[in-house]
Amino acid sequence: MLIDSHAHIDSERYARDREAILTRAFEAGVGAVLSIGIGEGPAEMHRALDLCRQFNGQRENGANFPRLYASAGIYPHSTTEADDNALAKLDALLAEPEVIACGEIGLDYYHEGAPRAVQREGFIRQLEIAVARKRPVLIHCRGTNESTDAWNDLFLVLDEFWAKTGLGGVMHCFGAGWEQARRSLDLGFLVSFAGNLTYPKAQPLREVAARMPLDGILVETDAPWLAPAPQRGQRNEPAFVAQTAQTLAGLLNLSEAEIASVTTKNFFRLFNLPPDVGN
Ligand SMILES: [Zn+2]
């Protein structure tokens, strides 16, 4: 069983065929999907949870879907909207048992959809809510071209506000270097690899992946974005996580069954879940 640790199931791009996509994921061996609750901003943060409940209900009635979990968070570009209202909504969502993570949150200096100081403040406020609700965080971090500027600032915040909580989290769609991977592991984070691991130009990232300890890795799609190499440019979907898992398995000299087993175990451990998802 594989787990897609990061997919935007609530995307409008699935409006017409969401059920077919979940069925295809199930048939491809995907036993669970973490449905990311950022929407187009805080007003839509609850949609991942709504879908999670809807489809888990159908699953209990016999539908061949993966089990869904949900997250909730305010994306770096949306932090201009991280007012008291939005933060209260986040807090209420994180209290729900299906909402196992706070995210994706962090810093993005590549697009800089919000000023850096606003991103930082919104990030810290969300870390404070996540620790009160005892939820690991899903981190989005992207620097300006080739720079580690955002990562340096990210680790300053995590060292000060997160390290001591011991809750850990996930470095989602990891694309940085070994130094950032090592610091993430030291902080108790898992490093999640997405479809970009399969791209021809991603040799430096593959070299980082090849050095990863087996208890520090996850796989994800970040669907509908970042489809892996054979489907690159198309709409991505959770079934395609198998392609990224295969690439990662090759780098780590594991069989496909072994990569599925270690990444699933890591996911359960981080989120403290009972290992019965595939049943
Ligand atoms: Zn994402």
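# Zinc site and a helix pair

Guide: In this predicted model, D222 is buried, with a relative accessible area of 10%.

Visitor: Why is D222 called buried?

Guide: The word buried is used for a relative accessible area under 20%, and D222 has 10%, so D222 counts as buried.

Visitor: What makes H6 count as buried?

Guide: The relative accessibility of H6 is 1%, which is under 20%, and therefore H6 is also placed among the buried residues.

Visitor: Which residues coordinate the zinc ion?

Guide: The zinc ion is coordinated by H6 and H8, each through NE2, by E104 through OE and by D222 through OD, at 2.0 to 2.4 Å.

Visitor: How do you know that these atoms count as donors of the zinc ion?

Guide: A donor N, O or S atom has to lie within 2.8 Å of the metal, and because the atoms named here lie at 2.0 to 2.4 Å, they meet that cut-off.

Visitor: Why is the arrangement around the zinc ion called irregular?

Guide: A tetrahedral arrangement needs all angles between 85 and 135 degrees, but the four donor atoms subtend angles of 82 to 173°, so the arrangement is not tetrahedral, and it is classed as irregular.

Visitor: What makes H6 and D222 a pair that ties together parts of the chain?

Guide: H6 lies in strand β1, while D222 lies in the loop between β8 and α8, so the pair ties together parts that are 216 residues apart in sequence.

Visitor: How do helices α7 and α8 pack?

Guide: Helix α7 and helix α8 pack at an angle of about 65°, with their axes 9 Å apart, and α7 passes α8 in a right-handed crossing.

Conventions: Residues are numbered from 1 along each chain as its sequence is written. This is a predicted model: local features need pLDDT of at least 70, side-chain atom pairs count only at pLDDT 80 or more; totals for chains, interfaces and linings use all residues. Side-chain values use heavy atoms; hydrogens and water are left out. Axes are lines fitted to C-alpha atoms, for helices over the stretch in contact, and angles run from 0 to 180 degrees between N-to-C directions. Helices (H or I, at least four residues) and strands (E, at least two) are DSSP runs, numbered from the N terminus. A crossing is left-handed if the near helix is turned anticlockwise from the far one by less than a right angle, and right-handed if clockwise. Donors are N, O and S atoms within 2.8 Å of the metal (3.2 Å for Na, K and Ca); water is not among the atoms, so sites may look incomplete. Four donors count as tetrahedral if all angles lie between 85 and 135 degrees; four count as square planar and six as octahedral if opposite donors are over 155 degrees apart and all others between 65 and 115; anything else is irregular. Buried means under 20% relative accessible area, exposed over 50%, partly exposed in between (1.4 Å probe, protein chains only).
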